[in-house]
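Here's a quick briefing to read with the model open in your viewer. Take a look at the fold first, then work through the notes below.

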Amino acid sequence: MNKIESPPQAGDPRLTIAQASCADDYDPNSMPVAKARAFIHQFLKPVTGVLRVPVRSALGRVLAKDIHSPVNVPSHRNSAMDGWAMRGADLSPIDEVTLQEVGVSFAGKPFTGNVGPRQCVRIMTGGVVPEGADTVVMQERSHASGKSITFAAGQKTGQNVREAGEDLKAGSLALAKGRIVRPAELGLIASLGIGEVAVYRPLRVAFFSTGDELKSVGTALGEGEIYDSNRYTILGMLARLGCEPLDMGVVRDDPKLLEEAFAAAAANADVVITSGGVSVGEADFVKTMLGKLGEVVFWKIAMKPGRPLAYGKIGGAHFFGLPGNPVSVMVTFYQFVRDALLVLMGAHPVDSVPTFRATCTTRLKKAPGRTEFQRGVLTRDDDGSLSVRPTGEQGSGILKSMSDANCFIILGDATGNVEPGTSVEVQLLEGVV
Ligand code: AMP
Ligand code: MG
């Protein structure tokens, strides 16, 4: 357990989990979002296991070692344009100049001779700039008459030439450990001729749903029963992050079964995520039981949706007890669990999903005192400006509000009702890459 030895100060987020559950400053009944996040982050230690995988299998994984470039990129001096290569000294700033073409240098098929005075070589983009030449004139500024090529005035020595090692020098840092491999990194690694990379082992995340009313898909519903949807959203969110999910099904609200499930999950995974069972009335026996198994704090976060949230350690595993309501599950996952999992996966730095501002076109009801994450639809207007409106009913059980949304509208603690035309903070649900 990551206990912090120095005595806690007022306002100091460095408390142990046990201390936090009774410290006044950590009022479990109105925990600000940012403070809960900061508290959780002090306990996160990245995985250390490393595996080597082929580059093709590295997408979404986290680099476990720095990658230094074994080569110069580009590996040779080459042309940035289609045109002719020559000595810059042969060109004139004020007059046209005519030079003799003595060969061609295409990408992959270099000209092996030397470019002498008053000579030039036909060159294509990516072609090796031959010995003797130091300048390329683009073909749009040139005129060919047989092998006599005339170049317009006003050229500069060195133009349109990409130097060897200009992008990356051999031996320099190409990618730092902690980098999440995206399509650009796959290409960059391949461009260095590297076929295998060291990545952190996947983070194992066990999850289960709690509730006597829950049935799994494929079984008939009895009176008052509902289908368990949270395990599906959680599975999806974990898969998107690149975690290794361990689906432990539905567990009834029975202390003995729950205790077994928590113990098994913590023994088999780095992280345990549950949904349901942490709201008032339900939390008490879970609290007692988790108190036996580990150290857990139960908060009422000053947010909507997603008020109840539990965080702690069960043995070596981190535990996130998310609320039961389907929208609350997603909101709390994105606002607390996502970044924490990325840290545990070894990602560094972990940037929260950026927010920006858009004009809200609809009146929003909001009471000051907590942060709201309304589900919104962001659109670009004809003039290029961004507008946002809520998806409709914002109940924490209405999963369709997440499905219809492409962003969160984040209304801070102090914000009250929002009038149409007001600028609000939004956070996109989809990234570009
Ligand atoms: P709880 O936090 O357990 O009190 O649950 C709050 C609400 O979310 C209740 O209406 C539950 O029926 C519902 N709920 C809890 N777990 C799930 C689940 N896995 N799938 C769908 N709804 C759920
Ligand atoms: Mg429940």
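Let's start with Thr-210, which sits in strand S13 (residues 204-210); helices (H or I, at least four residues) and strands (E, at least two) are DSSP runs, numbered from the N terminus. This is a predicted model, where local features need pLDDT of at least 70, side-chain atom pairs count only at pLDDT 80 or more, and totals for chains, interfaces and linings use all residues. Residues are numbered from 1 along each chain as its sequence is written, chains are lettered from A and ligands numbered from 1 in the order in which they are written, and side-chain values use heavy atoms, with hydrogens and water left out.

**Thr-210 and its surroundings**

- Thr-210 counts as buried because its relative accessibility is 9% (buried means under 20% relative accessible area, exposed over 50%, partly exposed in between, using a 1.4 Å probe and protein chains only).
- The Thr-210 side chain gets to 3.1 Å from the backbone oxygen of Gly-276. That's a polar contact, meaning a pair of N or O atoms within 3.5 Å; within protein, one must be able to donate a hydrogen and the other to accept it, and residues adjacent in sequence count only if both atoms are side-chain atoms.
- Setting aside residues up to four places away in sequence, Thr-210 touches Val-251, Asp-253, Leu-258, Ser-275, Gly-276 and Gly-277 (contact means heavy atoms within 4.5 Å).

**Ligand 1**

- Gly-277 turns up again here: one of its backbone N or O atoms lies 3.0 Å from an oxygen atom of ligand 1.
- There are 16 residues around ligand 1, and the ones that come nearest are Glu-213, Asp-228, Gly-277, Ser-279 and Glu-282 (a residue is near if one of its heavy atoms lies within 4 Å of the molecule).
- How much of ligand 1 does the protein bury? Taken alone, ligand 1 exposes 480 Å², and the protein buries 79% of that (areas come from the Shrake-Rupley method with a 1.4 Å probe; for residues, only the protein chains shown count as cover).

**Nonpolar cores**

- The largest nonpolar core has 51 residues, and Ile-273, Trp-299, Tyr-311 and Leu-341 have the most contacts inside it. A core here is a set of buried Ala, Val, Leu, Ile, Met, Phe, Trp, Tyr and Cys residues joined through side-chain atoms within 4.5 Å.
- Helix H7 (residues 326-344) gives the most to this core, with 12 residues.
- A second, separate core has 21 residues, including Ala-206, Val-251, Ala-269 and Ala-317.
- In soluble globular proteins, nonpolar side chains tend to be buried together.

**Helix H6**

- H6 spans residues 283-293, and its Ala-283, Val-286, Met-289 and Leu-290 are buried.
- Down the axis of H6, the buried residues fall within an arc of 135 degrees, so they line one face of the helix (the arc is that of the directions from the helix axis to the C-beta atoms).
- The face turned away from that buried side carries the exposed Thr-288, Gly-291 and Lys-292.
- What do the buried residues of H6 pack against? Their partners are helix H5 (255-268) and strands S18 (294-300), S20 (308-314) and S21 (317-322).

- Leu-44 lies in the loop between helix H2 (33-41) and strand S1 (50-54), and counts as buried at 9% relative accessibility.
- Beyond residues up to four places away in sequence, Leu-44 touches Tyr-311, His-318, Ala-340, Val-343 and Leu-344.
- Thr-233, in helix H4 (residues 230-241), is buried with a relative accessible area of 14%.
- Leaving aside neighbours within four places in sequence, Thr-233 is in contact with Val-329, Met-330 and Leu-399.

- Val-73 and Pro-74 are joined by a cis peptide bond, with omega about -5 degrees; Pro-74 lies in the loop between strands S2 (67-68) and S3 (78-79).
- The His-348 to Pro-349 peptide bond is cis, with omega near -5 degrees, and Pro-349 lies in the loop between H7 and strand S22 (355-360).
- Arg-118 is not a glycine, yet has a positive phi of about 65 degrees; Arg-118 is partly exposed at 47% relative accessible area.
- Asn-160, also not a glycine, has a positive phi of about 60 degrees and lies in the loop between strands S9 (148-151) and S10 (161-162).
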